[in-house]
Amino acid sequence: MEQQVLLIEDEPNIAEAIRYLLTRAGFGVRWLSNGDQALADILANRTDLVILDLMLPGQSGLDVLKSVRAVAALAALPVIMLTAKGQARDREAAEHAGASLFMAKPFSNAAFLAAVQDLVTQ
């Protein structure tokens with residue numbers, strides 16, 4: 001059974017590139033363009049990994065991450081936080097909120113896929 005990824009990214013071109021990369025690697029991908037429905041989607045669907053942009057319309061990526069981590073059943077759900085801003089304070093905030101991994105955009109496809117594979121096989 002293929003691993004299911006929820007991608008929450010507001011830039012359609014970036015979302016499509018990530019979706020393409022992941023589906024070619026054998027993942028099922030659902031996409032949301034804002035954080036408002038993220039928790040409801042995760043609770044309603046099998047989700048093996050969340051890829052979450054830091055800056056989103058509606059709920060921010062940090063708000064989404066905090067709401068996910070507040071649900072005991074989702075405590076171990078891997079979450080990759082993406083951002084175009086690689087500032088240390090953003091990394092610290094994401095790690096403090098419970099991100100499994102923090103990646104700054106742009107990233108190499110190979111490094112991204114390796115990180116995804118590593119997190120879903122833990």
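# Reading burial, salt bridges and strand order

User: At 16% relative accessibility, does Asp41 count as buried or exposed?

Analyst: With a relative accessibility of 16%, Asp41 counts as buried, a term that means under 20% relative accessible area, whereas exposed means over 50% and partly exposed lies in between (1.4 Å probe, protein chains only). This is a predicted model, in which local features need pLDDT of at least 70 and side-chain atom pairs count only at pLDDT 80 or more, while totals for chains, interfaces and linings use all residues. Residues are numbered from 1 along each chain as its sequence is written, and side-chain values use heavy atoms, with hydrogens and water left out.

User: With which residue does Asp41 form a salt bridge?

Analyst: A salt bridge is a side-chain nitrogen of Lys or Arg within 4 Å of a carboxyl oxygen of Asp or Glu. Asp41 forms one with Arg30, and the closest N and O atoms are 2.6 Å apart. This pair links distant parts of the chain, since Asp41 belongs to helix α2 and Arg30 to strand β2 (residues 28-32), 11 residues apart; helices (H or I, at least four residues) and strands (E, at least two) are DSSP runs, numbered from the N terminus. Arg30, at 18% relative accessibility, also counts as buried.

User: How many salt bridges does the structure hold, and which residues are linked in a network of them?

Analyst: The structure holds 5 salt bridges, and Glu9, Asp53 and Lys105 are linked in a network. The side chains of Lys105 and Asp53 meet at 3.3 Å, N to O. Lys105 is buried at a relative accessible area of 17%, and Asp53 is buried at 5%.

User: How many residues apart in helix α1 are Glu16 and Arg19?

Analyst: Glu16 and Arg19 are 3 residues apart in helix α1 (residues 12-24), and so they are separated by about one helical turn. Their side chains meet in a salt bridge (2.6 Å, N to O). Glu16 is partly exposed, with a relative accessible area of 40%, and Arg19 is partly exposed as well, at 30% relative accessibility.

User: Which residues point one way from β4, and which the other way?

Analyst: In a regular strand the side chains alternate between the two faces of the sheet. Here Val79, Met81 and Thr83 point one way from β4, Ile80 and Leu82 point the other way, and all are buried. Because 5 of the 5 residues of β4 (residues 79-83) are buried, this strand is largely enclosed by the rest of the structure. In β1, Gln4, Leu6 and Ile8 point one way and Val5 and Leu7 the other way, and all of these are buried.

User: In what sense do β3 and β4 pair, and over how many bridges?

Analyst: Two strands pair if DSSP finds at least two bridges between them. β3 and β4 pair in the parallel sense over 4 bridges, and the bridge partner of Ile51 in β4 is Ile80. The chain crosses from β3 through helix α3 (residues 61-69) to β4 in a right-handed β-α-β crossover, where right-handed means that, with the strands pointing away from the viewer, the path from the first strand over the helix to the second runs clockwise. β4 and β5 pair in the parallel sense over 4 bridges, and Thr83 has Ala104 as its bridge partner in β5.

User: Which strands does β1 join?

Analyst: β1 pairs with β2 in the parallel sense over 5 bridges, and Trp31 is the bridge partner of Leu7 in β2. β1, α1 and β2 make a right-handed β-α-β unit. Another 4 bridges join β1 to β3, and these two strands run parallel; in β3, Ile51 stands opposite Leu7.

User: Which residues of the largest nonpolar core touch the most other members?

Analyst: In soluble globular proteins, nonpolar side chains tend to be buried together. A nonpolar core is a set of buried Ala, Val, Leu, Ile, Met, Phe, Trp, Tyr and Cys residues joined through side-chain atoms within 4.5 Å. In the largest one, of 21 residues, Ile8, Ile42, Val50, Leu52, Leu65 and Met81 touch the most other members. Its largest share, 4 residues, comes from α3. A second, separate core of 17 residues includes Ile18, Leu21, Met103 and Val120.
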